[in-house]
Amino acid sequence: MLGFLVRLLPFWVREPLIILVGTVFGVRILYMALVDGEGWVPAVIGAVFLLGAALRVRVVVHALRARRRPTPEADEVTESAPSAPVAPAPVAPAVRRPAEKKPNAFAQAFFAIGLFAVIGGALWIEGKLPEDGTAATGASRPAACRLDEDEKLPGAYRSTPEAVTGADLCRALNRPELPELLGTPTERSVYASGTDNTAPLTDRKVAQPEARVEFETYTVELSATYNQLTVAQYAKLTRYGDGRDARNLTVLGRPALLTSDHMMKIQFDLGSGEGASGPVEQGPLARTLTVAFDGKDRGGSYDLTVWSESGLLPEDSALVDIAEAVLPGITRGTRDQD
């Protein structure tokens, strides 16, 4: 379709436009190949663009020379043998026709270049504008939350009217400023999801929605557990285990607890022969901030967990900052619970 529209343009508009586009693309692709180290394939493509532009320049030069060349005069009439005199025919008076104006090749060329510049500038400005129409802040665009809209909510959510869903948690957690809060402002989320789970060992009677947002460095999970266990009771349980990294603190005026634990690593063989199933292994270390639903700690809590495959963990202050930014924004959506 674009080629058909280009062919409809006049010669002195089409050719300069093709030359300009070919030159710009050729120089840009060669720059990527030679300076950015993209390889020899872009170098060949850039050379092809420049060669095509050079051929078009040659065509335009020949056309300009043909326009400037004077038209050959009419051949002289050769003399014939003497013949009988013929009476001259009456000659009609010559009618002077107005000279036809030929299009200005240079004006058309400049018009084509200006048109291309306007189109290119409009596309460049459109690419710089943010989608929401606000001023660009440089924040990374988060990945969209992946949800299973066709899956019905478990019965635990119907019996707990105040329970939020995985979609609600993902919407609150998947924030543009989350990379900056983690200490990796140049990263962008590559995966985000929300699930409507239930707490284990509760016969699917306790709602436990979860949301996950993944970056190149860190993975962040946010869950809500609607049980009767208070943060104070959970802090006592950690004393019976390895509670050396546990810390009691207050977040948003609510009791909170920082703990560390290892993730679980499970390997499955899906029949490809590339791997083998094995027992559950110890995964990377994770840091979890547990925050009560309210200041009175009457049961139930949010769990904010951060880990990385490399074993790196952000500062504890980063988890607190994330909780203070995310938890107030958790609101129940309008998802059907039937």
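**View 1. Asp316 forms a salt bridge with Arg287, with 3.0 Å between the closest N and O atoms.** A salt bridge here is a side-chain nitrogen of Lys or Arg within 4 Å of a carboxyl oxygen of Asp or Glu. Asp316 sits in helix α9 and Arg287 in strand β6 (residues 281-292), so the pair ties together parts that are 29 residues apart in sequence. Helices (H or I, at least four residues) and strands (E, at least two) are DSSP runs, numbered from the N terminus. Both Asp316 and Arg287 are buried, meaning under 20% relative accessible area, while exposed means over 50% and partly exposed lies in between (1.4 Å probe, protein chains only). This is a predicted model, in which local features need pLDDT of at least 70, side-chain atom pairs count only at pLDDT 80 or more, and totals for chains, interfaces and linings use all residues. Residues are numbered from 1 along each chain as its sequence is written, and side-chain values use heavy atoms, leaving out hydrogens and water.

**View 2. Arg247 also forms a salt bridge with Asp316, with the closest N and O atoms 3.1 Å apart.** Arg247 belongs to strand β4 (residues 247-251) and Asp316 to helix α9 (residues 316-326), so this pair links parts 69 residues apart in sequence. Arg247 is partly exposed, at 41% relative accessible area.

**View 3. Here is Thr225, in strand β3 (residues 219-225).** Is Thr225 buried or exposed? Thr225 counts as buried, because its relative accessibility is 6%. Its contacts (heavy atoms within 4.5 Å) beyond four places in sequence include Val206, Phe293 and Asp303.
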